[in-house]
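User: Please take me through the helix packing and the sheet of this protein, with the reasoning behind each value.

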Amino acid sequence: MYSYLKLGTSNSVFFYFDKKHLHFMAFKRVVVTGLGALTPIGNTVEEFWQGLSTGKSGAATITRFDASKFRTQFACEVKDFDVTKYIPRQEARKMDLFTQFAMIVADEAVKDSGIDLENINKNKVGVIWGSGIGGLKTFEEEVINFSNGDGTPKFNPFFIPKMIADSASGQISIKYGFRGPNYITVSACASTNNAIIDAFNYIRLGRINVCVSGGSEAAVTQAGIGGFNGLRAMSERNDDPATGSRPYDRDRDGFVLGDGGAALILEEYEHAVARGAKIYCEIIGGGMSSDAYHITAPHPEGEGAYLSMVDALDDAGIKPEEVDYINTHGTSTPLGDPQEIKAIERLFGDHAYKMSISSTKSMTGHLLGAAGAVESVAAVLAIKHQIVPPTINLFNIDESIDPRIDLTPNVAKARKIDVVLSNCFGFGGHNATLIFKKI
């Protein structure tokens, strides 16, 4: 049984009992040593950063199906995607698109990390992934095929393995032979932040040395667009898709659905140093909470968002004024955006007007369960390049938001960035916050 306690404001120690003794150990440090990204604004990490830093919109008319009869006819799709460039066709057939995305970004991250796959202890490498929906495209196709048939049950033998969300983590594990903890977290749009927090905890407790963590989503389907339209959650700015996602803007009318994925290689610090790894930054804290309020609407006072950030700062052992940049959840919804800002002002006080804030969903759209992975990569790259990505499409700031808040409107901003906080909140009231630090 494991537990932990604080020693002053420094890192924690954890303690556990065996049959005879009480043991104390310091938490191990956790660093990021590899990145992978496949997004609506770039199909590699380098392309993704280029899109972020130049304020590129990933929104355009949907190409995967005829959306002309839907209220929303645009999305942030991955562009120029040919799975056979990455995965043999016969293998790709056995995977839903969200799993294909997962395999591709995991491969980029593993290669970027420089891990020696021949000699690493694979028993000590985990795969903890996140996806809010999983194989929606597969499920939709199978149901349509059945309903269009003569009623005879004829289903693809790969239907279930392709559909279930844990296929992504399982396939990554199988490819590389990683035999550590292997599962997927599902907490709607907070899924990937929860996955990364779990990976962070497994490593700092010394249970594993390395973890492939991240998330993927492929919900730009008829059911996905139709379902969110039914909730009246998405922008209907069909005449100008590029400006559809406009977090904090007075005229926002809902989020823009996106797809893709991202991966991070998390590694125990001494393990990374021993092999001479490139280190991007350190993860120093993670926080979680629940709104306990409504299945889709955020708490009107941002209570859950506030508690999640407080928990993350406490876990990291840092003060609010040490945060330089917040990558907000910022979905471009009328209710969600001001509540998050309200929570930030409550927690950070006057410092809320000194740090930078932006929503990269203004460019990528909302990748649902994969949002946290993409935004974690954005946070890491912000530290690397010392640049805050912008909130694009911010033409008229919502009157409810204090004009002293630096929302990084429309243009990226160079500044000193040592600590980045990244928020993700999901339907069901799930909240998860990560904190990254320059090393």
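User: At what angle do the axes of helix 10 and helix 11 cross?

Analyst: This is a predicted model, in which local features need pLDDT of at least 70, side-chain atom pairs count only at pLDDT 80 or more, and totals for chains, interfaces and linings use all residues. Residues are numbered from 1 along each chain as its sequence is written, and side-chain values use heavy atoms, without hydrogens and water. Axes are lines fitted to C-alpha atoms, for helices over the stretch in contact, with angles from 0 to 180 degrees between N-to-C directions. The axes of helix 10 and helix 11 (residues 336–348) come within 8 Å, and they cross at roughly 45°.

User: Which term describes the orientation of helix 10 and helix 11 to each other?

Analyst: Angles under 35 degrees count as roughly parallel, over 145 as roughly antiparallel, 65 to 115 as roughly perpendicular and the rest as oblique. Helix 10 and helix 11 are therefore classed as oblique.

User: How many residues in the contact of helix 10 with helix 11 are nonpolar, polar and charged?

Analyst: Contact means heavy atoms within 4.5 Å. Among the residues that meet are Tyr 306, Met 309 and Leu 313 in helix 10 and Ile 344, Leu 347 and Phe 348 in helix 11. Ala, Val, Leu, Ile, Met, Phe, Trp, Tyr, Cys and Pro count as nonpolar, Asp, Glu, Lys and Arg as charged, and the others, Gly among them, as polar. The contact of helix 10 with helix 11 divides into nine nonpolar, no polar and two charged.

User: Which strands stand at the edges of the open sheet of ten strands?

Analyst: The strand order is 8-7-9-10-4-11-17-16-12-13, with mixed pairing; two strands pair if DSSP finds at least two bridges between them.

User: Which residue in strand 13 is the bridge partner of Tyr 325?

Analyst: Strand 12 (residues 325–327) and strand 13 pair in the parallel sense over three bridges. In strand 13, the partner of Tyr 325 is Ser 356.

User: Which strands does helix 10 touch?

Analyst: Helix 10 (residues 303–316) packs on the sheet, and its direction makes about 145° with that of strand 11. The strands touched by helix 10 are strand 11 (281–290), strand 16 (419–426) and strand 17 (430–437).

Note on methods
Helix = DSSP H or I, 4+ residues; strand = E, 2+ residues; numbered from the N terminus.
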